[in-house]
Amino acid sequence: MDDSQPRFLDDVTVELVKHSASDSDVLWAARVSTAGEQSIEEIHKDPERSKGLINYLMRDRHGSPFEHNSMTFLVKAPIFVFREFHRHRVGWSYNEESGRYRELQPDFYVPGPERKLVQEGRPGKYVFVEGTEEQYKITNEAMEAAYRQSYAAYQEMLEAGIAREVARAVLPVGLFSSMYATCNARSLMHFLSLRTKNEQARVPSFPQREIEMVAEKMEAAWSALMPLTHAAFVANGRVAP
């Protein structure tokens, strides 16, 4: 396929590229308050034996023991997702690809057939419902036409010798970007509490579907690394400690 031709994608990509995260990290961090340097022994113990402590810390919101771990994700998603993502600043580090230094690739977001298109109700009391077949058709055709036109304008300027940092101004927020995002379990739980909609959540959240798609993939990776911590998070209403 010609690399200059737009590609239309309806999903995001999340890859766990590096981590130092386990349930035992919560335990030795918590037990230093009573056991001092002997708390390091928790590293070699089965954390299943202490899941009650993890649940207690989560329930009573003793949050700092959940910070002594690290996960780095490679995320590929539309730019408008990253603009929401970067509002999460505490406990997160980001490095995103730059349109100043590389030619941006023609990958663009279009909603998949399962993406609800129509908003009903006013802010704070709204729901999204399925669109009609005609609405999906209009959405896809309008988006694809706009993407093709904007990327052609971008290529025209680059071929004329215009700087990448200037030419990129014609590209829309539906363009895919990529970034590394590094966090700890506590900051991730706060992100998940706001960016997922879940019946088990004590406090309701109303995330945009596209950032929720990223959050769901991150949660799946994290739950495999720290299953006891994840279970405690869910059991206590998906509220970050």
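Biologist: Which residues of α7 are buried?
Modeller: The buried residues of α7 are Glu 210, Ile 211, Glu 212, Met 213, Val 214, Ala 215, Met 218, Glu 219, Trp 222 and Leu 225. Buried means under 20% relative accessible area, exposed means over 50%, and partly exposed lies in between, with a 1.4 Å probe and protein chains only. This is a predicted model, in which local features need pLDDT of at least 70 and side-chain atom pairs count only at pLDDT 80 or more, while totals for chains, interfaces and linings use all residues. Residues are numbered from 1 along each chain as its sequence is written, and side-chain values use heavy atoms, with hydrogens and water left out.

Biologist: What length does α7 reach from its first C-alpha to its last?
Modeller: Helix α7, residues 209-225, reaches 25 Å with its 17 residues, close to the 24 Å expected at 1.5 Å a residue. The expected span is 1.5 Å times one less than the number of residues.

Biologist: How many helices and strands does the protein chain have?
Modeller: The protein chain has 8 helices and 8 strands. These are DSSP runs numbered from the N terminus: H or I of at least four residues for helices, E of at least two for strands.

Biologist: And how much of the chain is buried?
Modeller: Of its 241 residues, 40% count as buried. The C-alpha atoms fill a box of roughly 65 × 45 × 30 Å along the principal axes.

Biologist: Changing topic, how many aromatic pairs are found in the whole structure?
Modeller: The search finds 13. One of them joins Phe 85 and Tyr 94 edge-to-face, at 5.7 Å centre to centre and 85 degrees between the planes. Rings of Phe, Tyr and Trp (its six-membered ring) pair if their centres lie within 6.5 Å; planes under 30 degrees apart count as stacked, over 60 as edge-to-face and the rest as tilted.

Biologist: Is Phe 85 buried or exposed?
Modeller: Phe 85 is buried, with a relative accessible area of 0%, whereas Tyr 94 counts as partly exposed at 22%.
Modeller: Phe 108 and Tyr 151 also form an edge-to-face pair, at 6.1 Å centre to centre and 80 degrees between the planes.

Biologist: Where in the chain do Phe 108 and Tyr 151 lie?
Modeller: Phe 108 is in strand β5 (residues 107-109) and Tyr 151 in helix α4 (residues 133-159), so the pair links parts of the chain 43 residues apart. Both residues are buried.

Biologist: Which residues form one aromatic cluster with Phe 108 and Tyr 151?
Modeller: Phe 8, Tyr 147 and Tyr 154 form one aromatic cluster with them.
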